[in-house]
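Work through the exercises below with the structure open. Try each task before reading its solution.

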Amino acid sequence: MTEAPPLRIALFTLESLASNAAVRAFVEAHAAELVLIGRSTPYRAAAGGAFGQFWRHMRRSGLRFLPYLVVNFVLPSLVARLRGRQGLPAMARMHSIALLEVEDVNGAACHAALRAARPDVILSFHFDQIFTLETLTFAPMGGVNIHPSLLPRHRGPIPTFWALQEGSGATGVSIHRIAARIDTGEVLAQRAHALPPGVSASTAARLLHDAALPMIGDVLRALAAGKAEGVAPPILPYCGFPSAAEIGAARRQGVRLVRFADWRAALGL
């Protein structure tokens, strides 16, 4: 039987300790299929810039949220620059993949890049911007997202924080179609994944993104063969960024956003 030709993939991501290793492993494994890498601009003006985002997080989540931001976003970027480590731009150049710095995933510049790249599918891998249905039309197969939770539970930006509070059996990975409502599209693949006791929400995110890698390959092959079947999940409540009170309650349960191992990982130790 003749295998279906590989898909043309547009990958969208936000560089972060939570997913950097998994995303780079994916790029290495699928470089021949990638026609565009969209890298989110984290401190874009539309999101309030660096100060606006910081102030919004502090007002909602308090100072205990600051280590999470530093470990996952600030330190890895700073250490990479100081040590001259290659990031996504260097990988894109190495493999001759078009790279777009994404200020607005639904804006004219991104639409032009998608039009030029002609992807079959859009893959969101820890991306922090919301795709409109119009943007998804630039890929005939639409969009697919990797989410580190067992959907429909723990929709939202930090699912591992909420899953760890539920205890054993609550953690895993889902790969789903991107729909108009956040994290509600048909689930194409899902797998429970047990985590070591005492891990932080940050470490859990790294481990679950790594665990998603073989699942992504299976889903892409199924899509290429026209055999990807999804299950529409019920819609459960959205789990947003935690408030200061919710972080405090989690700490009393022994759940932490960040532990010492995360600082070491952020520093590359």
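**Exercise 1.** Which residues in H7 meet which residues in H9?

Solution. Note that this is a predicted model. Start on the H7 side: Phe161, Trp162 and Gln165 make the contact. Across from them, H9 supplies Glu246, Ile247 and Ala250. Sort these by class: the contact has 4 nonpolar, 1 polar and 1 charged residues.

**Exercise 2.** Describe how H7 and H9 cross.

Solution. Locate the helices: H7 spans residues 159-166 and H9 residues 244-252. Their axes come within 10 Å. The crossing angle is roughly 40°. Angles under 35 degrees would count as roughly parallel, so H7 is oblique to H9. Then take the hand: H7 passes H9 in a left-handed crossing.

**Exercise 3.** Decide whether H7 is enclosed or open, and find what covers it.

Solution. Count first: 6 of the 8 residues of H7 are buried, so the helix is largely enclosed by the rest of the structure. Name them: Pro159, Thr160, Phe161, Trp162, Ala163 and Leu164. Their cover includes strand E5 (143-147), H8 and H9. Finish just past the helix: Gly167 takes a positive phi of about 95°.

**Exercise 4.** Trace the nonpolar cores.

Solution. The largest nonpolar core has 54 residues. Phe26, Val27, Phe161 and Ile216 have the most contacts inside it. Helix H8 (residues 201-224) gives the largest share, 10 residues. A second, separate core has 17 residues, including Leu100 and Phe127. Now zoom in on Phe26: beyond its neighbours within four places in sequence, its contacts include Ile9, Leu34, Phe125 and Ile216.

Conventions: Residues numbered from 1 in each chain as written. Predicted model: local features only at pLDDT ≥ 70, side-chain atom pairs only at ≥ 80, totals over all residues. Heavy atoms only, no water. Core = buried A, V, L, I, M, F, W, Y, C linked by side-chain atoms within 4.5 Å. Buried < 20%, exposed > 50% of the residue type's maximum accessible area, 1.4 Å probe, protein only. Helix = DSSP H or I, 4+ residues; strand = E, 2+ residues; numbered from the N terminus. Contact = heavy atoms within 4.5 Å. Axes fitted to C-alpha atoms, helices over the stretch in contact; angles between N-to-C directions. Parallel < 35°, antiparallel > 145°, perpendicular 65-115°, else oblique. Left-handed = near helix turned anticlockwise from the far one by under 90°. Nonpolar A, V, L, I, M, F, W, Y, C, P; charged D, E, K, R; others polar.
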